[in-house]
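Hi,

Here is the model I promised to pass on to you. Have a look at it first, and then read my notes below.

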Amino acid sequence: GKADASSAPADLSGALRLGARRALLEKLAAHDAERAALARERGRALLDDARARVLATADVEAKTRLLRGDPVEALQEMERDAPPPRLLVIGKRGEDASPAMEHLGSNLDRLVRASRGPTLIASRAFRPVARVLIAFDGGPSATRAVERIAASPLLAGAACHADTVEISHVLRA
C-alpha cells in the first residue's frame, strides 16, 4: 500500500522564500548584536560595582578591563599589560551554576594554574574577607605570594592560614 503522507518526515528546507530567509537572518544577526551589547553593558556594570567596593574598602589603585573570549587567554593578555603587584579575583563557580552545586567551576582550576600572581577565589555573595588560605610549598613563588598577601591593604585584618603542600612531578618518557 501507499505510505501515509502525514507520518513522513517533512522537508522544510525550501519552505522559506529567499527574501524571507534573508529577513530572518538579518533579524537573528540584529538579535545577536543586541545580546552582545547587553552582555558588555552588564559586564561593565559588574566591574564598576566591584571597583567601587574595592575603593570603599581600601586605599588602593583599582583598574577594570572588560575582555571577551577564553578566560585563560584573557588572563594572559591582562598579565602582559598589568604591572605587579596585582590580585586575580575569580568566582568559584560560573554565573549559570546552581548555588546547590558542590563542585567548583570548570574555569577555576585553569585560571589559578595560569595566573602568575596571587588569586582570591570568591563566593557568589559578597562578604568582607575574614580568612585567607595559602597553599605553601616553600618555593620562591609561594614565598612571594605570602609577602604580597601580608602587604595587601585589601586583606588587612584577615586571618591567614598556610597549608603546606607537596609538589611532585611526574616525568614522562
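Let me begin with Arg110: its relative accessibility is 35%, so Arg110 counts as partly exposed (buried means under 20% relative accessible area, exposed over 50%, partly exposed in between, with a 1.4 Å probe and protein chains only). Before I go on, a word on the source: this is a predicted model, in which local features need pLDDT of at least 70 and side-chain atom pairs count only at pLDDT 80 or more, while totals for chains, interfaces and linings use all residues. Residues are numbered from 1 along each chain as its sequence is written, and side-chain values use heavy atoms, with hydrogens and water left out.

Now the overall picture. The protein has 4 helices and 4 strands (DSSP runs numbered from the N terminus: H or I of at least four residues for helices, E of at least two for strands). Their order from the N terminus is α-α-β-α-β-β-α-β. Of the 173 residues, 14% are buried. The accessible surface is about 13,900 Å², and carbon and sulfur atoms account for 55% of that (Shrake-Rupley method, 1.4 Å probe; for residues, only the protein chains shown count as cover). If you take the contacts between residues at least 6 apart in sequence, 61% of them join residues at least 24 apart (contact means heavy atoms within 4.5 Å).

Back to Arg110, then. Its side chain meets that of Asp70 in a salt bridge, 2.9 Å from N to O (a side-chain nitrogen of Lys or Arg within 4 Å of a carboxyl oxygen of Asp or Glu). This pair links distant parts of the chain, with Arg110 in helix 3 and Asp70 in the loop between helix 1 and helix 2, 40 residues apart. Asp70 is partly exposed because its relative accessibility is 27%. Asp70 also caps the N-terminal end of helix 2, where one of its side-chain oxygens lies 3.1 Å from the backbone nitrogen of Val72.

That brings us to helix 2 itself, residues 71-81. Which of its residues are buried? They are Val72, Ala74, Leu75 and Glu79. These four cover an arc of only 160° around the axis, so they sit on the same side of helix 2 (the arc is that of the directions from the helix axis to the C-beta atoms). Strand 1 (88-91) and helix 3 (108-114) are among what covers them. On the other side of helix 2, Glu73, Arg80 and Asp81 are exposed.

I would point you to Glu79 in particular: at 6% relative accessibility, Glu79 counts as buried, and its side chain makes a polar contact of 3.3 Å with that of Ser115 (a pair of N or O atoms within 3.5 Å; within protein, one must be able to donate a hydrogen and the other to accept it, and residues adjacent in sequence count only if both atoms are side-chain atoms).

There are 5 salt bridges in the structure. Another one joins Arg65 and Glu77, with the closest N and O atoms 2.9 Å apart. Here too distant parts of the chain are linked: Arg65 is in the loop between helix 1 (18-57) and helix 2, Glu77 is in helix 2, and they are 12 residues apart.

Finally, Arg113 and Asp109 form a salt bridge of 3.0 Å, N to O. Both lie in helix 3, 4 residues apart, about one turn of the helix. Arg113 counts as exposed because its relative accessibility is 66%, whereas Asp109 is partly exposed at 44%.

Best wishes
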